[in-house]
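Subject: Structure for you to look at, with notes

Dear colleague,

My notes come after it.

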Amino acid sequence: MKRGRCRGGVPRARRSALPAACLALLAVALAAPVACRRESATSASPPSSAAASPSASAAPRPPSPRLTDPRWLRAAGDDPLEHARLAEAEGASGLLAALDDGGDIALAALRALPYADDADLALGPLAERARAAPAPSLPPLLDALLGVAGRPPRPREPLDPDGARAAAATLLELSGRRDLPAEQRAVAISAARALAEKGLVDPARIPADLDPQLPGAGAGGGQASRP
């Protein structure tokens, strides 16, 4: 019997090397799927820049061109003639669109609206804004509503009867709000009475607590004619 060989005829040195080689191949085979899974997970995750919100990179709103328009600049004052010219040029729809600019542009639009030929179209949108506005922002809206509501009736079909009825309901609501200053309620009452003369609201529903009392009338006495 020869030394260096084991049973089966395989040399001892080669027999001890085979398990090590097999273990190495097995380790490589097991590691390959793990690496593939890591690569797929890495490629599937989006880069951090792609996850940024679109609103974060949104450009700010550009300045309104009305800020440099000579007609709007002239109408920013108190000249009724300039308000009428602006109303003739823009119409009710153009003036209503300018309200979103805010500031002096919005104030000029509100002053010009009663002069627009189609100003009745503004009653509904103005009333909607007035209903949602806080008390400090109400005066110019109420003044515009009074100016439009107090226009003489035109010999034509109403331009927006639904908007006019909605405005009447809003003015009736505002005129009864005791949390508003008396000056604002008085304007709302006057505007509601102007629409009542056109048959858009029952005058008996309009508050009269701000009306001045007749001279010599007691606490339950009569009232002066309503404005």
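Predicted model: local features only at pLDDT ≥ 70, side-chain atom pairs only at ≥ 80, totals over all residues.

Residues are numbered from 1 along each chain as its sequence is written, and side-chain values use heavy atoms, with hydrogens and water left out.

The fold

The protein chain holds eight helices and zero strands, where helices (H or I, at least four residues) and strands (E, at least two) are DSSP runs numbered from the N terminus. Of its 227 residues, 30% count as buried; buried here means under 20% relative accessible area and exposed over 50%, with partly exposed in between, using a 1.4 Å probe on protein chains only.

The core

The largest nonpolar core has 48 residues, and such a core is a set of buried Ala, Val, Leu, Ile, Met, Phe, Trp, Tyr and Cys residues joined through side-chain atoms within 4.5 Å. The members that touch the most others are Trp72, Leu95, Leu113, Leu126, Leu142, Leu145 and Leu171. At least two residues of this core come from each of H2 (70–75), H3 (80–98), H4 (103–112), H5 (123–132), H6 (138–149), H7 (161–175) and H8 (182–196), and H8 gives the most, with eight residues. Leucine 126, leaving aside neighbours within four places in sequence, is in contact with Leu96, Leu99, Leu110, Leu113, Leu141, Ala144 and Leu145.

The 15 residues of H7 should span 21 Å at 1.5 Å a residue, and the end C-alpha atoms are 21 Å apart, which agrees; the expected span is 1.5 Å times one less than the number of residues. Buried in H7 are Gly163, Ala164, Ala167, Ala168, Thr170, Leu171, Leu172, Leu174 and Ser175, and the buried residues of this helix pack against H5, H6 and H8.

H8, also described by 15 residues, reaches 20 Å from its first C-alpha to its last, close to the 21 Å expected. H8 is mostly covered, with twelve of its 15 residues buried, and what covers those buried residues includes H5, H6 and H7.

Single residues

Alanine 188, which is found in H8, counts as buried because its relative accessibility is 0%. Its contacts, leaving aside neighbours within four places in sequence, are Leu142, Leu171, Leu174 and Ser175, and the C-alpha atoms of alanine 188 and leucine 174, 14 residues apart along the chain, are separated by 6.2 Å.

Arginine 185 also has its place in H8 and is buried, with a relative accessible area of 4%. Not counting residues up to four places away in sequence, arginine 185 touches Leu174, Ser175, Gly176, Arg177, Arg178, Leu180, Pro207, Asp209 and Leu210.

Alanine 204 lies in the segment after H8 and is exposed, with a relative accessible area of 65%.

In H3, leucine 86 counts as buried at 1% relative accessibility and touches Arg71, Trp72, Ala75, Gly91, Leu95, Ala108 and Ala112, not counting residues up to four places away in sequence. Glutamate 82, whose place is in H3, is buried with a relative accessible area of 11%, and is in contact with Arg74 and Ala75 when neighbours within four places in sequence are left aside.

About 330 Å³ of space lies in the largest pocket. Of the 16 residues that line this pocket, the closest to its centre are Asp120, Pro158, Leu159, Lys198 and Leu200. On a 1 Å grid over the protein atoms alone, a pocket is an open set of points where a 1.4 Å probe fits, with protein on both sides within 12 Å along at least five of seven lines, and lining residues have an atom within 4 Å of a point; grid points are joined across faces, edges and corners, and the volume is the space filled by probe spheres set on the points.

With best wishes

Notes. Contact = heavy atoms within 4.5 Å.
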